[in-house]
Amino acid sequence: DPVLEEPIVFNYLRRVRDWMIATPLVQYSYYSIKWMDRGAFEDELKDFVVPFFSFLKLPAETRELIILQVENEVGLLGTGRDRSPEALAAWNAPVPAELLIAAADSPSDFHPDLVELFSAPGGTDSWAARFGDDNPVADEAFMAWAFGSYVGTLAAAGKAIKALPAYANAWLGPQPGQSLPGQYPSGGPTARMGGVWRAAAPAIDFLAPDIYIPGARAVMEEYA
């Protein structure tokens, strides 16, 4: 591939290869996120931060080439909102004040659907009291706050050891054939949920789309 033969790319890949051979890392794989399970979260947190100590061994010029993706296309499939007992308890708790403040103070950072959602009167009412049980945007925002907080905490813990830039990527939605959250991963860092993610996960430096549909420019402009 001519791109891989470019000196800057080739040297980067060679450096990463040499590092992977010389530096043992703990490898782990989680196929699901138990966002309400504190014990499961602490297990993942422990496994997540261990490689950061290996990053400290890298030469400075190599560390500057590393960017960290935290999780992959995170979100809930099959339904728009988690309805486990633990999740229902969170749904019946007040909407986080910091989320409401962020939407009120910086509406330009939020999708218009979210500005409208959070500007509705409700004070400190719970998600359930404010939005009811038939509001797909509220369901997705609830899950976005849950997953964003989870992923953001992982990123912050890693950065406390080595401040590598971190991002989260999204399965796009809504998109043709996937118009409702749950048909695409509900709560993921989609363009519509970007404001919620930025409020929930300040340790995430940027959000990025996984593009498998026509019209890449339009998608990237949503994330610009």
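Which side chain meets that of E140 in a salt bridge? In this predicted model, the partner is R192, with N and O 2.8 Å apart. E140 lies in helix α8 (residues 136-161) and R192 in the loop between β2 and α9, so the contact ties together parts that are 52 residues apart in sequence. Both E140 and R192 are buried.

D113 forms a salt bridge with R192, and the closest N and O atoms are 3.3 Å apart. This pair also links distant parts of the chain: D113 belongs to helix α6 (residues 112-119), and 79 residues separate it from R192. D113 is partly exposed, at 30% relative accessible area. R192 has a relative accessibility of 13%, so it counts as buried, the cut-off being under 20%.

In total, the whole structure holds five salt bridges. Another of the pairs joins K159 and D205, whose closest N and O atoms are 2.7 Å apart. K159 lies in helix α8 and D205 in the loop between α9 and β3 (206-210), so parts 46 residues apart in sequence are tied together. K159 is partly exposed, with a relative accessible area of 23%. D205 is also partly exposed, at 44%. Elsewhere, salt bridges link R81, D133 and D139 in a network.

R81 leads on to the aromatic residues. Its charged end sits over the ring of W91, 3.7 Å from the ring centre. A search of the whole structure finds seven aromatic pairs. One of them is the stacked pair of W91 and W127, with 6.0 Å from centre to centre and 20° between the planes. W91 lies in helix α4 (residues 85-91) and W127 in helix α7, so this pair ties together parts 36 residues apart in sequence. W91 is buried, with a relative accessible area of 2%. W127 is buried too, with a value of 2%. W91 also pairs with F142, here edge-to-face, at 5.2 Å centre to centre and 85° between the planes. F142 lies in helix α8, so its pairing with W91 in α4 ties together parts 51 residues apart in sequence. Both W91 and F142 are buried. Ring pairs link W91, F118, W127, F131 and F142 into a cluster.

Helix α5 (residues 97-105) has buried residues of its own: L99, L100 and A103. Seen down the helix axis, the buried residues of α5 fall within an arc of 95°, so they line one face. Their cover includes α6, α7 (127-131), α8 and α9.

The strands form an open sheet. Three strands stand in the order β1-β2-β3, with parallel pairing. β1 (68-69) and β3 are at the edges with a single partner strand each, so one side of each has no neighbour in the sheet. Two bridges join β1 and β2 in the parallel sense. L68 stands opposite A166 in β2.

The loop between β2 and α9 also holds T190. T190 has a relative accessibility of 1%, so it counts as buried. Leaving out residues up to four places away in sequence, T190 touches E140, A170, W171, G173, Y184 and Y223.

Conventions: Residues numbered from 1 in each chain as written. Predicted model: local features only at pLDDT ≥ 70, side-chain atom pairs only at ≥ 80, totals over all residues. Heavy atoms only, no water. Salt bridge = Lys/Arg side-chain N within 4 Å of Asp/Glu carboxyl O. Helix = DSSP H or I, 4+ residues; strand = E, 2+ residues; numbered from the N terminus. Buried < 20%, exposed > 50% of the residue type's maximum accessible area, 1.4 Å probe, protein only. Pairing = 2+ DSSP bridges. Contact = heavy atoms within 4.5 Å. Arc of directions from axis to C-beta. Phe/Tyr/Trp six-rings, centres within 6.5 Å; stacked < 30°, edge-to-face > 60°. Lys NZ or Arg CZ within 6 Å of the ring centre and 35° of its normal.
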